[in-house]
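Visitor: I am new to this structure and would like to learn how to read it. Could you show it to me and take me through it step by step?

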Amino acid sequence: MKKREPKPPNRAIGRFIVTAVAMLGMFFVALTQLQFSEQHLIAPYTVLLARSVSVILGVTGLSPVSSGTSVTASGFSATIVPSCAGIEIMALLAASMLAFPAPVRRKVSGVLLGLVAVHLINVARLVVLFLIGIHFRSGFDQAHYYYAQGFLLLATVGVWTLWVTHLPRHELAHNH
């Protein structure tokens, strides 16, 4: 049996980037153009985020009220809109993991665990933003638009990096 020659690194990197961008494009079309996605994915997920934030705020001693995608506590109210739910970041993570040359079972487990990790990070981010809104209302917009978005992106890159670094090298050579 003839041994497969490894592909040149530049070609493999190019293939990964093209595949990831194509998958991300498909995910974005599915998420933004299909009514099914809005009704059965995005809307329920933003409600889940609001409820999660409300539960955690309740543990901190506040008495939050959650209604749909809005949370109110201590005179501060915030609504979680789809663009702040982290769905695009999750799509980026899934596309990069699925495009990476790894065994399918590693990709699937990586996507599932990665999405859970990003969800938990995002809930923590939203709780912190809410607390900033309560205690430092004047700094909320800056924290929300600049720091929190960047934090979620960097944390997601960290999740992807952890996944890649824990892939056994011997499995990568055979999965182009």
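Visitor: Let me start with one residue. Which residues does serine 37 touch, not counting residues up to four places away in sequence?

Guide: A contact means heavy atoms within 4.5 Å. With sequence neighbours up to four places away set aside, serine 37 touches Ala30, Leu31 and Ile42. Before we go on, residues are numbered from 1 along each chain as its sequence is written, and side-chain values use heavy atoms, with hydrogens and water left out. This is a predicted model, where local features need pLDDT of at least 70 and side-chain atom pairs count only at pLDDT 80 or more, while totals for chains, interfaces and linings use all residues.

Visitor: Where is serine 37 found, and is it buried or exposed?

Guide: Serine 37 belongs to helix α2. Helices (H or I, at least four residues) and strands (E, at least two) are DSSP runs, numbered from the N terminus. Buried means under 20% relative accessible area, exposed over 50%, and partly exposed in between, with a 1.4 Å probe and protein chains only. Serine 37 has a relative accessible area of 5%, so it counts as buried.

Visitor: How many helices and strands does the protein chain have?

Guide: There are 6 helices and 3 strands in the protein chain. Starting at the N terminus, the order of elements is α-α-β-β-β-α-α-α-α. The C-alpha trace spans about 70 × 35 × 25 Å along its principal axes. Of the 176 residues, 37% count as buried. Among contacts with a separation of 6 or more, 70% come from residues 24 or more positions apart.

Visitor: How do I read a pocket?

Guide: Rolling a probe the size of a water molecule over the atoms shows where empty space is left. On a 1 Å grid over the protein atoms alone, a cavity is a set of points where a 1.4 Å probe fits but cannot get out, whereas a pocket is an open set with protein on both sides within 12 Å along at least five of seven lines; lining residues have an atom within 4 Å of a point. Grid points are joined across faces, edges and corners, and the volume is the space filled by probe spheres set on the points. Here, the second largest pocket has a volume of about 270 Å³.

Visitor: Which residues line the second largest pocket?

Guide: Its lining is made of Phe27, Ala30, Leu31, Leu41, Tyr45, Ile87, Met90, Ala91, Ala94 and Leu115. The elements giving two or more residues to this lining are α1 (9-33), α2 (35-59) and α3 (87-99). Of these, α3 gives the most, with 4 residues. The lining divides into 10 nonpolar, no polar and no charged residues; here Ala, Val, Leu, Ile, Met, Phe, Trp, Tyr, Cys and Pro count as nonpolar, Asp, Glu, Lys and Arg as charged, and the others, Gly among them, as polar.

Visitor: What about β2 and β3: which way do they run?

Guide: Two strands pair if DSSP finds at least two bridges between them. β2 and β3 run antiparallel, joined by 4 bridges. They form a hairpin with 2 residues between them. Alanine 73 stands opposite phenylalanine 76 in β3. In the loop between β2 (70-73) and β3 (76-79) is serine 74, which has a positive phi of about 50° although it is not a glycine. With a relative accessible area of 47%, serine 74 is partly exposed.

Visitor: How do I read the two faces of a strand?

Guide: In a regular strand the side chains alternate between the two faces of the sheet. In β3, Phe76 and Ala78 make up the covered face, and Ser77 and Thr79 the uncovered one.

Visitor: And how do I read aromatic pairs?

Guide: A pair of aromatic rings is described by the distance of the centres and the angle of the planes. Rings of Phe, Tyr and Trp (its six-membered ring) pair if their centres lie within 6.5 Å; planes under 30 degrees apart count as stacked, over 60 as edge-to-face and the rest as tilted. The whole structure holds 6 aromatic pairs. One of them is the edge-to-face pair of phenylalanine 76 and phenylalanine 130, at 5.0 Å centre to centre with 80° between the planes. This pair links distant parts of the chain, 54 residues apart: phenylalanine 76 is in strand β3 and phenylalanine 130 in helix α4 (residues 104-135). Phenylalanine 76 is buried at 7% relative accessibility, and phenylalanine 130 is buried at 3%.

Visitor: Is asparagine 122 buried or exposed?

Guide: Asparagine 122, in helix α4, counts as buried because its relative accessibility is 1%. Leaving aside neighbours within four places in sequence, asparagine 122 is in contact with Tyr45, Leu49, Cys84, Ala85, Gly86 and Leu152.
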